[in-house]
Amino acid sequence: MMNNDISAVLAQDDMILFCSLSGRVLEVSQALSARLKVDLVGVNLNDFIEDRIVSQIIINSTKDSVYEFSCTIRGNLYRCGARISGSDRLIVVLVPIIAEGPEIPPSQRIAILCTQINEVTQNILIAYSMLKNEYEGKNSRAVSLINHSIANLARMSKIMASQSEYEAGSLYMNMKAGDLRKEIKEVVLRAAQVSQGSAKIEFHGDGEKIITLFDRDKIKTVILNLIADGIRRGGEVSPFIKVSIDKTDDSATITVNTHSPGGSGDLPASVEVDVAAAYIRKHKGSLIMSTRPGGDSVYKVTV
């Protein structure tokens with residue numbers, strides 16, 4: 001394709017990218033520039049299209065056939081085709097699957113991103129489980145670090161999704177009657193099992209059932225977030241974390257007490273605590289946090 005032919009194509013209504021064979025954008029049609037409202041010239045394809053898709057584009061595009069694929073660019077979904085032109089340029093044609101419509105709000109983009117992060121995390125977890133038995137005895141510290149990192153990645157992804165829902169005003173509360181004491185105990189005992197030595201976690205507060213309305217997943221997140229913040233304040237020292245629950249006439253008080261010798265009580269509140277407070281407000285309750293020198297902290301939740 002000659003340069004004057006390319007210029008004619010760029011002036012048409014089609015949404016087209018001309019790229020080098022390595023995936024660097026050389027020219028963009030006027031229609032695509034107007035839609036994306038961003039200058040892509042000089043940018044690599046994998047800066048705005050997933051790496052795995054770009055790899056497939058470069059591998060499968062030929063002069064004799066078109067490689068078809070779909071991708072999302074700036075929140076919009078496109079059906080695409082790519083082939084190599086006579087001038088050894090990669091031509092990518094994009095067709096919007098939804099030609100018109102509002103752009104995806106930032107909060108929804110974060111939620112979509114979190115879903116994708118969760119999928120990646122699950123794949124990493126599966127691979128880790130397959131390799132764990134083979135390598136655990138050879139380098140147990142590395143295996144423990146990988147396991148801890150996977151858990152943190154999954155937890156942070158969930159926090160991001162929760163925060164985006166709350167900020168968008170679309171946080172759904174699945175309120176059902178249940179035994180709050182039993183739920184808190186199960187969460188704490190599970191956290192103690194998977195803490196991997198990063199903290200000593202205990203539950204105190206066995207007693208009669210506390211039957212009330214609450215969102216099981218949200219309450220679980222509240223407890224785990226407060227435990228995580230306590231561990232964060234412990235610094236290099238593994239803290240001792242005690243979780244208890246007490247019943248009053250018309251409410252219940254959950255206390256997360258963290259003792260961290262050598263930690264820091266001066267750290268600002270984390271995103272985990274902000275999300276926990278938001279969830280408790282949705283339960284018509286309150287969260288009060290206090291810290292003491294040395295990294296000790298107390299979180300009191302009333303619901």
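Is Lys284 buried or exposed, and what is its relative accessible area? Lys284 is exposed, with a relative accessible area of 77%, where exposed denotes over 50%, buried under 20% and partly exposed the range in between (1.4 Å probe, protein chains only). The structure is a predicted model, in which local features require pLDDT of at least 70, side-chain atom pairs count only at pLDDT 80 or more, and totals for chains, interfaces and linings use all residues. Residues are numbered from 1 along each chain as its sequence is written, and side-chain values use heavy atoms, with hydrogens and water left out.

The protein chain contains eight helices and twelve strands, assigned as DSSP runs (H or I, at least four residues, for helices; E, at least two, for strands) and numbered from the N terminus. Of its 303 residues, 37% count as buried. Among contacts (heavy atoms within 4.5 Å) in the protein chain with a separation of 6 or more, 58% are accounted for by residues 24 or more positions apart.

The axes of H7 and helix H6 (residues 180-194) come within 10 Å and cross at roughly 45°. H6 and H7 are therefore oblique to each other; angles under 35 degrees count as roughly parallel, over 145 as roughly antiparallel, 65 to 115 as roughly perpendicular and the rest as oblique. H6 contributes Leu180, Glu183, Ile184, Val187, Val188 and Ala191 to the contact, and H7 contributes Arg216, Ile219, Lys220, Ile223, Leu224 and Ile227. By class, nine of these residues are nonpolar, none polar and three charged, with Ala, Val, Leu, Ile, Met, Phe, Trp, Tyr, Cys and Pro taken as nonpolar, Asp, Glu, Lys and Arg as charged, and the others, Gly among them, as polar.

H7 also packs against helix H8 (residues 271-282) at an angle of about 150°, with the axes 9 Å apart. H7 is thus roughly antiparallel to H8. The crossing of H7 and H8 is left-handed. Lys218, Ile219, Thr221, Val222, Asn225, Leu226 and Asp229 of H7 meet Glu272, Val273, Val275, Ala276, Tyr279 and Ile280 of H8, a set comprising eight nonpolar, two polar and three charged residues.

Lys282, in helix H8, is partly exposed at 37% relative accessibility. Its C-alpha atom is separated by 9.7 Å from that of Phe214, 68 residues apart along the chain. Leu213 is located in strand S8 (residues 211-215) and is exposed, with a relative accessible area of 53%. Beyond its neighbours within four places in sequence, Leu213 contacts Met175, Lys176, Ala177 and His283; the C-alpha atoms of Leu213 and Lys176 are separated by 5.1 Å.

Positive phi values occur at two lysines. Lys284, in the loop between H8 and strand S11 (286-292), has phi near 65°. Lys37, in the loop between helix H2 (30-36) and helix H3 (51-60), has phi of about 55° and is exposed at 74% relative accessibility.

One aromatic pair is counted, under the criterion that ring centres of Phe, Tyr and Trp (its six-membered ring) lie within 6.5 Å, with planes under 30 degrees apart termed stacked, over 60 edge-to-face and the rest tilted. The rings of Tyr67 and Phe69 have centres 5.7 Å apart and planes at 20°, so the pair is stacked. Phe69 is buried, with a relative accessible area of 9%.

Notes:
Axes fitted to C-alpha atoms, helices over the stretch in contact; angles between N-to-C directions. Left-handed = near helix turned anticlockwise from the far one by under 90°.
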